[in-house]
Amino acid sequence: MLTLDKIYKASHVLKEVIRDTDLILAPKIHPEAKVYLKTENLQVTGSFKVRGAYFKISQLTEEERSKGVIACSAGNHAQGVALAATKAGIKSLICLPDGAPISKVEATKGFGAEVCLVPGVYDDAYQKALQLRDEKGYTFIHPFDDENVIAGQGTIGLELLEQLPDVDAVVVPIGGGGLISGIAFAIKSLNPKIKVYGVQAAGAPSMEHSLKNKKIERLESVATLADGIAVKEPGVNTFELCSKYVDEVVTVSEDEISCAILTLIEQQKLIAEGAGAVSVAAVMFDKIPVKGKNVVCVISGGNIDVTILNRVIRRGLVKSGRASLLTIELVDKPGQLTGVSSIIAELGGNVTAVHHERADANDNINGCFLRIQLETRNFEHLTQIKAALTAAGYKIVDNA
């Protein structure tokens with residue numbers, strides 16, 4: 001049974017390894033709420049997962065330790081287990097999906113673990129880990145459906161109440177549900193009036209579906225840039241705890257996640273992975289009622305691969321109206337490019353690339369297309385530029 005005493009015990013044990021992560025005010029996240037960020041992206045290993053993994057391993061018997069440990073992970077639990085096992089002098093083998101970011105794979109190896117890459121997603125890695133456990137006799141460290149792991153994650157709830165006693169709502173990412181189960185249990189046990197909201201990616205809404213239908217449901221597939229919460233099926237323990245202690249679970253889209261990541265970079269100078277940013281996305285896009293409240297968004301991790309980050313930033317710029325592609329149909333004659341660029345420059349737009357191509361055989365023989373990559377302030381600014389080009393007689397045929 002999960003108890004408050006166990007979470008307090010975990011808090012004591014974890015003092016020797018974890019970092020005290022700050023709770024920082026983020027005034028621009030939502031104009032009508034006082035939003036704070038719990039920066040677990042700055043935790044040791046770059047994620048909250050080290051809390052549950054370390055406490056679980058600290059509670060193993062000598063016999064369990066002697067067998068070595070095995071775990072499955074999308075990346076963050078892997079690093080937590082690897083660090084905890086290495087500190088305890090225990091051998092660790094981690095099964096990761098082969099699509100896990102390279103940075104997470106290399107970091108796991110760097111903490112001292114042996115890595116087994118498994119084709120597929122987290123759930124495939126989970127099945128492989130169970131197979132190897134049975135074959136080799138390893139001690140299995142579940143990433144979320146274990147009461148000691150949940151107790152370790154619940155220490156965040158204790159910290160939040162110390163850091164912001166008058167908190168009204170806490171917003172937490174959900175994959176398998178270990179993080180929110182621990183936080184919600186701790187918070188509701190000490191102050192049942194505080195709201196606890198969970199957030200999943202729209203492409204991996206396993207807990208949201210399960211709670212809605214009041215039974216554990218397994219998704220056939222998951223697809224999201226938030227790889228840390230791409231879980232097909234919640235745990236038995238986490239489903240029960242979420243059913244009892246979580247007020248509501250909502251979902252956010254890929255575009256909303258991208259915008260949240262970009263917002264955290266620009267406004268707070270924080271790097272969050274997709275899974276870590278879903279809590280902020282939910283608040284930014286009014287998925288939960290936060291008006292007039294003290295709200296904490298748990299930024300659960302910051303281990304995002306730089307190549308993915310590059311794509312996310314680009315997508316965030318496009319979806320916020322700050323990067324776009326204009327395709328303009330022109331008559332191919334001198335001065336056309338000058339005319340277009342001068343209008344854009346006068347209105348404060350920034351041209352980053354230009355591509356000129358002849359019209360095809362079915363179009364006007366003197367026709368051409370001008371494709372312009374453009375940086376603007378927002379959608380209003382982009383609309384202003386498009387209107388000015390149209391007013392000057394230029395035909396915009398496509399934009400993105």
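Biologist: Before we start, what kind of model is it, and what counts in it?
Modeller: It's a predicted model: local features need pLDDT of at least 70, side-chain atom pairs count only at pLDDT 80 or more, and totals for chains, interfaces and linings use all residues. Residues are numbered from 1 along each chain as its sequence is written, and side-chain values use heavy atoms, with hydrogens and water left out.

Biologist: OK, what's the strand order in the open sheet of four strands?
Modeller: The order is β5-β4-β3-β6, with parallel pairing. Strands here are DSSP runs of E with at least two residues, helices are runs of H or I with at least four, and both are numbered from the N terminus. Two strands pair if DSSP finds at least two bridges between them.

Biologist: Which strands sit at the edges?
Modeller: β5 (114–118) and β6 (139–140), each of which pairs on one side only.

Biologist: And how many bridges join β3 to β6?
Modeller: Two, with β3 covering residues 69–72. In one of the pairs, I70 has F140 of β6 as its bridge partner.

Biologist: Is C72 buried or exposed?
Modeller: C72 is buried, at 0% relative accessibility. C368 is also buried, with a relative accessible area of 2%. Buried means under 20% relative accessible area, exposed over 50%, and partly exposed in between, using a 1.4 Å probe and protein chains only.

Biologist: New topic: how many cavities of 30 Å³ or more turn up?
Modeller: Two in the whole structure. A cavity is a set of points, on a 1 Å grid over the protein atoms alone, where a 1.4 Å probe fits but cannot get out; lining residues have an atom within 4 Å of a point. Grid points are joined across faces, edges and corners, and the volume is the space filled by probe spheres set on them.

Biologist: What's the volume of the largest cavity, and what's closest to its centre?
Modeller: About 300 Å³. Of its 30 lining residues, F48, K49, G175, G228 and I229 are closest to the centre.

Biologist: Which element gives the most to that lining?
Modeller: α8, with three residues.

Biologist: And what lines the second largest cavity?
Modeller: Its lining includes P101, K104, D227, E273 and I308, around about 40 Å³ of space.

Note on methods:
1 Å grid on protein atoms, 1.4 Å probe; cavity = no way out; pocket = protein on both sides within 12 Å on 5 of 7 lines; lining within 4 Å.
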